[in-house]
Structures are given as structure tokens and as C-alpha cells.
Amino acid sequence: MCGIVGYIGGREAVPILIEGLKNLEYRGYDSAGIAVADSDKVFMVKRSGKLKNLEAAINESGISGSLGIGHTRWATHGAPTEANAHPHFGKTREFFVVHNGIIENHQQLKESLKREKCRFNSETDTEVIVHLLEKFYTGDLKQAVCRTVKKLKGSFALGVISSRHPDLLLAARRDSPLIIGLGKGENYIASDVPAILSQTRSVIYLENDEIAVLGRDNAEVFTVNGDCCNRRPVTVKMDPDSASKGGYSHFMIKEINEQPEVMRRILSARIKNNRVRFEELKLNEKRLKNIDNIQIVACGTAYHAGLCGKYVLEKLLKIPVNVDTSSEFRYREQIIKKNKTLVITVSQSGETADTLAALRASQQKGALILSVVNVVGSSIARESDGVVYIYAGPEIAVASTKAYTAQLMTIYLLALYLGEVFGTVSERIRREMLRMLARTPLKMKEVLANNGRIKRVARDYVKRYNIRLAEQFKFLEDEVAQFKDSRKALEFAEQWARRSHLTYGRRFGDFPFLYLGRNVNFPSALEGALKLKEITYISAEGYAAGEMKHGPIALIDEFPLVICINPRSSLYDKMLSNIQEIKARRGTVLSIATKGDREIRKKAYSDYIIEIPPVNEFVSPLIVALPLQLLAYYIAAGIGCDIDQPRNLAKSVTVE
Ligand code: F6R
């Protein structure tokens, strides 16, 4: 949440900051701003809304300088207005701060600062930081930052500049990510690697309660007490092209299409001579053999991958596996057996605040922590006892797609690996499973190549939706007629339509979606519903099909679209019974079925069918994910939603 970038060097800072912010926009996009120092003056531009608003304002302002900080915001405290956008400044307008995180004691700090006659310009928690800086500044900026940081409770990544020190860029962090990028005669700060990847690959990951002091030619890291830390840079291996759309209209569809390649990458890295190997996993087998229960913690899509992992791990390891959302787990009584509970955290970003907190709580109780993470060097990766990376490459679209299937594939392989360590998976089963998993890239390719059917289903749905919308318009005819000016009438109608699109799911809940699945595909149902909700704002629920009769069946009439995930499996007939129960109540059914399944083709069973290639039921979630992602994508595209940056969401949820 919120993206930070900063530059100090000999070049013009503005384009570097703008490029960095563009690459960080997935972290927040409700307002943005930059502050740039030119000799002893600092110029600032902020705008509410998307980054393009800021860019236009900067172009008009003509500001320039070779030191600067920038910020793209995801609002926590205070509406997404220009006044609440970062950077923030104090009374003297000499200090400028960008911040990611939440200052939990900001109310107390604000009260005491107000008593000292500080006047606040915004409703943010961040502004207290800059007033504290002013208060503590006695000529040494580093010292002022150290004293300020000591007063703060909560999480923060900070970038600081001051007109008093046009040759310094300062940064600090606690529980929010921040990296230092090192160049020749120039240095950077950023929330995440993609922001500065086109500038440098040499980075230092700042640790909690560390302060970085950057000049053009030097970068030093200190503790909050001012002691020097000897931090070594690491070289980041990431292809800058992987963070571009590469000809696709959205990052999401690009990332959906990357999945066969991601699977291939994981399989070839992990399978050696018919055995699964995790070279970076620094957990010795003796410690792993002690494990007698597993707890998975994750959020959102990663939680769904973890939920599928429960089925897989329990089947192959024969030990109990619990799965929890991190936000619930962290505040519960965690039942951890010292050295016997393996906690697996799953996280694309490796920075999700709740997952990180759940990890730390488990670690304190003596659990062994293994993390399944995408972003190399992220906080969760660094704080775990062992880490396995999912090799999905940068995922930019807010709605997770390739990271989900990469998490699934990695968990399948992890289960096989642990099965070998525990001695619960025979060589025959292992070979058979590996053969099935090895077919995943080809099967995914087949789904992607036959996406025409999914597009047609989505188009049909959007048509029905638009007809419904037009019907709603009829109610407006009188209202529209009262406008004498036809242009005004049109404007009104258009505004209404846009509002209605955006709030459709809530105001006209005639077409909600219900996703049903069983066993390993119950998590697929949850994930399908989440994808649709996120990018179309249409109300959607995922349910275990067996739970239908316990409530959700009350929703059924001809309006909701019920998506039944029913590839050939041991529970195929049970799903058919559920489908018949829906049809008996005039429900509309879309079945995800195995290619060539004649039975489901019978009209009584399904109104729409999307076929997937034949696949073993145990590994079918890997394939089922794709039509669900594509369906959500094509519906969102048909309605005209902002697919890569859905409202209210951010890619990396670094606040709880
Ligand atoms: C949904 C989505 C989110 C994330 C969740 C956890 O498409 O992307 O639900 O899965 O915020 O994020 P990570 O995996 O970064 O911990």
C-alpha cells in the first residue's frame, strides 16, 4: 500500500520519480505527489486521482532538480484529496516527507504537537512525522530523523528531504518495505524493486528501525541510535521487460497468458531426476521429520492457494493441516507445538502486514516457519526459517492470477518433497504425480488457445446486463425529459449509467454470481468468485457445493449465474445432483466441465459449458483457475472496468 520513490544524483530527478511511481502504481493509485529540491528550494506538486493527473500538473509547473521524493497513495487516514496526498510538509516548509504504513499513535502525537502550536494541513497520520522532524531539528537531519522515528508507533517506510540539506536523501523503515538502490554518482530509495529496476540492480534491503543517509556518492545505513550498520548490497535478478505490458491491453491478461511459461519454469527448476528439490530451502530434514501438524496462513488469493494446499498436504502427508486467514490467525490463541508445528505462510508480495504478523506470532511460539513467496528478499522471505520462491516473475495487475497457479504448483511440489522426507509418498505415487504436473503447461496452453467460448459466454452475460441496465433507464425517462438542454440530459443519463455500472452489484443485485465446487475445487470456487468481485464489482460468492442446501439455495431463481466447477472426478455425480437442484429452481448454470463430457451437455444440466482438457482431479485446480480468471477478465472488459487498478484495492497490503 502506497509507493515511495526517491532520487539523489546528477540527473534530472522528475522523470526518474515519475517512472518509478508508474512502476509502483499497483501499490495505490488514489493520489500522488512529488517534491524536488533545486539548490536550497524545494518545489512540490500533488494531485488527487491517478498518476496521469500528477504528470500533467508537473509538465505545466516545469519544476526541476536533482534530488526528490515521490509517492503514490492508497488512503488509510483521510480521503484521497490533494491536501492528504504526500509529500507532507510542516510550518517552515523546509522538510518534506513521504510515508507508507500507519502511525498508530498519531492521535496522541497530534494532540501534543497542537499544544505546541503546530497547525495541521491534512487529515493524515503522516503529517505528525514532519512536525516532529521540525521540532527535533537542530542542524543535523539524520539526528532529527532518528529522534522522530523513536517517537513513532506502528509501521512506516519514510523518504525525507529538506531545503536545508539539498545534498541529502534520508530514509527509514519499520514493518513496511524499503530498499536503497545504488548507482554511480547517484542513489535511490523505493518501496519495491520494479520502481528503480531500469536504473540499478544493486540494492540494499533496509531492515526494521534502520535509517539510510544517501548522498550522491555515498549510502550509509545506521540504527536509530545512530550506530553504523555495515550493509552489503545484493544484485537483483529481474528482467525489466517483465514489468511491462508487452503488447497486451492489460497486465492481467498478459499475466494470465504467462501461466504455461511460469509452470514450465517452476517444474524445470524444481524437478531433478524425478525428485523434487528446493535448493534455497535451508531447513534440514531432521527438523522437518519432527513435524506432526501444519498450519497454513495467508490472505485473499494466497489463502485460497493455501486452502487447496490443505487437501494436497493432508492426502500426501497424512498429518492434520489447518488453514487460516492471517488476519484471524494473528489475534487468536495459536495452537503451536514447539518444533512440531510447521507454519507455512503463502504470500505473493512477501509484505502482507497480517501474514507477517502471523509469522512472527508463530515464530515466538516456537513454530518452524516455511514461506511460499514470489518477491525475492521480501520481509516474509527474510524472516522465515525456510523459503521457497514461486518464480512467477513480477505480478503487476492487482488481481492475482499467475501468482495463484504458481503458489498452487509450488505447494503440490512441496507436498511431494515433504512426502519423501516423511516417507509417506511412495516412489510410484511421486512419479505419477510428477508426470501429471508436468502436463500442466500444455493443458493450460490448450485452455488459453480455446478462449473463444469463454469470450462468448462473457459477451452474452454483458448483453444481458446491458439489457437490464437499459430497462433501468426507462425509469429515468421522465427525469431526463425535464432537462430542456439535450446535452445536459445526455450528461445526466451518462453519469447515471456510469454510477449504475460501478454500483451495479449493490443496487441491482439481479445478476449475482454463485461459484460452486467440491473437494480440491472448493478453493477454486472461492478464487473464481474473488476474481470476479475484484475486477467487475459484481457480487459473487464461492461455496462448497455440499453447503448449497444450507442457505445459498435461497438465492436461486433465473437471475444469478451459478458456476459449477465440475470436471470429471470422484465427486462428479454429487455435483450433477447439485446442478439438478439448481435447475429445478429455474437457475442458470455455467458448468466448467471436461472436454468430451456428453452427460453434462444435456440441456437439463447446463445453460453454458466451458470445457477444459481432461485432467486428473487431484491436480485439476491448476487448470480450472484459467477459465475462471478469463471469465472475470472478459466480463470486466465488456463492462468497461479499470481491470488492472480496480477501485479501493492495492497490490501490496502492507497495513493491517
Ligand atoms: C486477489 C489478491 C489478494 C492477495 C492478498 C494477499 O487477487 O491479489 O487477495 O492475494 O492481498 O497478498 P500476498 O499474496 O501478497 O500476501
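User: How far is an oxygen atom of the ligand from an N or O atom in the side chain of Ser349?
Analyst: For a polar contact, look for a pair of N or O atoms within 3.5 Å. In this predicted model, a ligand oxygen sits 2.6 Å from a side-chain N or O atom of Ser349.

User: Which residue puts a polar backbone atom 2.8 Å from an oxygen atom of the ligand?
Analyst: That's Ser400, through its backbone. Lys531 uses its side chain instead, with a polar atom 3.0 Å from a ligand oxygen.

User: And which of the 15 residues around the ligand come nearest?
Analyst: Ser347, Gln348, Ser349, Thr352 and Glu534 are the nearest of those 15.

User: On to helices. How do H9 and H13 run relative to each other?
Analyst: Start with the angle: under 35 degrees counts as roughly parallel. The axes of H9 (residues 300–317) and H13 (residues 402–422) cross at roughly 25° and come within 9 Å, so the two helices are roughly parallel. Their crossing is right-handed.

User: What about H13 and H22, are they roughly parallel or antiparallel?
Analyst: Over 145 degrees counts as roughly antiparallel. H13 packs against H22 (residues 621–639) at about 175°, with the axes 10 Å apart, so this pair is roughly antiparallel. On the H13 side you'll find Tyr404, Thr405, Leu408, Met409 and Tyr412, and they meet Pro621, Leu622, Ala625, Leu626 and Gln629 of H22. That contact splits into eight nonpolar, two polar and no charged residues.

User: Let me try another pair. At what angle do H1 and H2 pack?
Analyst: Use the angle cut-off again, then go to the side chains. H1 (residues 13–24) and H2 (residues 51–61) pack at about 170°, axes 11 Å apart, which means H1 is roughly antiparallel to H2. Val14, Ile18, Leu21 and Lys22 of H1 touch Leu51, Leu54, Glu55 and Ile58 of H2.

User: How many charged residues are in the contact of H1 with H2?
Analyst: Two, alongside six nonpolar and no polar residues.

Technical notes
Residues are numbered from 1 along each chain as its sequence is written. This is a predicted model: local features need pLDDT of at least 70, side-chain atom pairs count only at pLDDT 80 or more; totals for chains, interfaces and linings use all residues. Side-chain values use heavy atoms; hydrogens and water are left out. Axes are lines fitted to C-alpha atoms, for helices over the stretch in contact, and angles run from 0 to 180 degrees between N-to-C directions. Helices (H or I, at least four residues) and strands (E, at least two) are DSSP runs, numbered from the N terminus. Angles under 35 degrees count as roughly parallel, over 145 as roughly antiparallel, 65 to 115 as roughly perpendicular and the rest as oblique. A crossing is left-handed if the near helix is turned anticlockwise from the far one by less than a right angle, and right-handed if clockwise. A residue is near a molecule or strand if one of its heavy atoms lies within 4 Å of it. A polar contact is a pair of N or O atoms within 3.5 Å; within protein, one must be able to donate a hydrogen and the other to accept it, and residues adjacent in sequence count only if both atoms are side-chain atoms. Contact means heavy atoms within 4.5 Å. Ala, Val, Leu, Ile, Met, Phe, Trp, Tyr, Cys and Pro count as nonpolar, Asp, Glu, Lys and Arg as charged, and the others, Gly among them, as polar.
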